[in-house]
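Please have the sequence and the model beside you while reading.

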Amino acid sequence: MKIAIAGAGAMGCRFGYMLADSGVDVTLIDGWKTHVDAINQQGLFVETETDSRRYSLPAMLAEDARGAFDVVILFTKAMQMAEMLQKIAPVLARAKVVMTLSNGLGNIETLEQYVDRSVIYAGVTLWSCELEGPGHIRATGSGNIELQPMMSADMAMADRVVDMLNLAGLNAELSANVLLSIWKKAAFNSVMNTYCALLDCNVGEFGKLPDALNMARTVVREIVLVARSQQIPLTEEMVMHTVQKVFDPRESGEHYPSMHQDLHKGRLTEIDYLNGAVARIGEAQGIAVPVNRLLTQLIHAKEAQ
Ligand SMILES: NC(=O)C1=CN([C@@H]2O[C@H](COP(=O)(O)OP(=O)(O)OC[C@H]3O[C@@H](n4cnc5c(N)ncnc54)[C@H](OP(=O)(O)O)[C@@H]3O)[C@@H](O)[C@H]2O)C=CC1
Ligand SMILES: CC(C)(CO)C(=O)C(=O)O
């Protein structure tokens, strides 16, 4: 299978080198010219816990992206997705699968404006990565992927996609209810990304705070009520299980969540697709969401500082 990864930041590059290392034909697509040039000229430099290596991978600028790819994996930030989809229209026109694994609520709705629902796969991932600079990532820890085609006409294709991801060691499985997976991940990110960004700490350091679990539950309880108003059977336990699991350094303990990375680099965050989306939906439903509203305001204040 030929794969294009559109949005080759930290995560796009991590998936790119892992897939390429397992023998898959991968092309990276991104809008950041210096990064694309660095990958084409020097290879993608990957640091892990044990070594560092350069991977030779082709990269294209989004506006120049052409070619036939079986699968396009979108790994932009939620707020960059529409612009990326517009730029890579020639690639999307020929793709059999267009998959989003980006964090946040609303990504499927964005995708549906640009591609037919029959090719859309949606999912979430607990893999993590840091973009250290142009053509340079730090990829530690482990993770998994839950994904599902939005229409289940071609399950043989879905199995092939899952097999390809697993051959690369990415621990993928088909989800029976990807909307639940997405809400569970969004709730988890609304805790971990937001608190780590505000407290300037990594996942493991947050986990060591005496009040970490109480602080997490306060956020999660509101999100569970909002999810239920959308017929999503989310429970507090589901989210808290994932929150506690990632404190381990073998999972994401040493990782600075993507929202922390964004604030650190002076970039906008995905807050409006996490706590902000929950607050928006909750308020429209008449559900009290003061904690998620306040956290959204605090992150916007940090963005403005
Ligand atoms: N990082 C992580 O560990 C995880 C991230 N995710 C999710 O995956 C999605 C992708 O996130 P992630 O890979 O972290 O995104 P990154 O911030 O690493 O990259 C996203 C895009 O931002 C632009 N960009 C990033 N840094 C710079 C810079 N210094 N200068 C100029 N442009 C830059 C590039 O696009 P362009 O130039 O076109 O704007 C890049 O493709 C998000 O939804 C995120 O929440 C999910 C799990 C873990
Ligand atoms: C790695 C993880 C799971 C940590 O919050 C994440 O989703 C992120 O950084 O955005």
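How far apart do the end C-alpha atoms of residues 177-303 lie, and what percentage of the span is helix and what percentage strand? I found the end C-alpha atoms 34 Å apart, with 68% of the span in helix and 0% in strand.

**Ground rules.** I note that this is a predicted model, in which local features need pLDDT of at least 70 and side-chain atom pairs count only at pLDDT 80 or more, while totals for chains, interfaces and linings use all residues. Residues are numbered from 1 along each chain as its sequence is written, chains are lettered from A and ligands numbered from 1 in the order in which they are written, and side-chain values use heavy atoms, with hydrogens and water left out.

**Entry on a sheet.** I traced an open sheet of four strands in the order β4-β3-β10-β9, with mixed pairing; two strands count as paired if DSSP finds at least two bridges between them. At the edges I found β4 (52-55) and β9 (130-133), each of which pairs on one side only. Neighbouring strands of this sheet are turned by 25 degrees against each other on average, direction ignored; the axes are lines fitted to C-alpha atoms, for helices over the stretch in contact, and angles run from 0 to 180 degrees between N-to-C directions. As background I wrote down that strands of a sheet pair through backbone hydrogen bonds, either parallel or antiparallel. Strand β3 (residues 44-47) pairs with β4 in the antiparallel sense over four bridges, and there I saw Val46 standing opposite Arg53 of β4. Helix α1 (residues 10-21) packs on the sheet and touches β3, β4, β9 and β10 (136-138), where touching, or contact, means heavy atoms within 4.5 Å. The direction of α1 makes about 90 degrees with that of β10.

**Entry on salt bridges.** I counted a salt bridge wherever a side-chain nitrogen of Lys or Arg lies within 4 Å of a carboxyl oxygen of Asp or Glu, and by this rule the count comes to 14. Asp21 and Arg53 meet in one of them, at 3.6 Å from N to O. Asp21 lies in helix α1 and Arg53 in strand β4, so this pair ties together parts that are 32 residues apart in sequence. Asp21 is partly exposed at 46% relative accessible area, and Arg53 is also partly exposed, at 40%; buried means under 20%, exposed over 50% and partly exposed in between, with a 1.4 Å probe and protein chains only.

Next I looked up Arg138 and Glu254, whose closest N and O atoms are 3.8 Å apart in a salt bridge. Arg138 lies in strand β10 and Glu254 in the loop between α10 (236-245) and α11 (258-264), so the pair ties together parts that are 116 residues apart in sequence. A further salt bridge joins Arg221 and Glu236 at 3.1 Å, linking helix α9 (residues 212-229) to helix α10. Here Arg221 is partly exposed at 46%, whereas Glu236 is buried at 18%.

**Entry on helix α12.** Which residues of helix α12 (residues 275-284) are buried? I listed Asn275, Gly276, Ala277, Val278, Ala279 and Gly282, and the buried residues of α12 pack against α7 (178-199), α9 and α13 (290-304). Just after α12, I noticed that Gly286 takes a positive phi of about 75 degrees.

**Entry on Asn292.** Is Asn292 buried or exposed? Asn292, which is found in helix α13, is buried, with a relative accessible area of 0%. Its side chain is joined to that of Asn275 by a polar contact of 3.0 Å; such a contact is a pair of N or O atoms within 3.5 Å, of which, within protein, one must be able to donate a hydrogen and the other to accept it, and residues adjacent in sequence count only if both atoms are side-chain atoms. Leaving aside neighbours within four places in sequence, I found Asn292 in contact with several residues, among them Ser190, Val219 and Val278.

Methods:
Helices (H or I, at least four residues) and strands (E, at least two) are DSSP runs, numbered from the N terminus.
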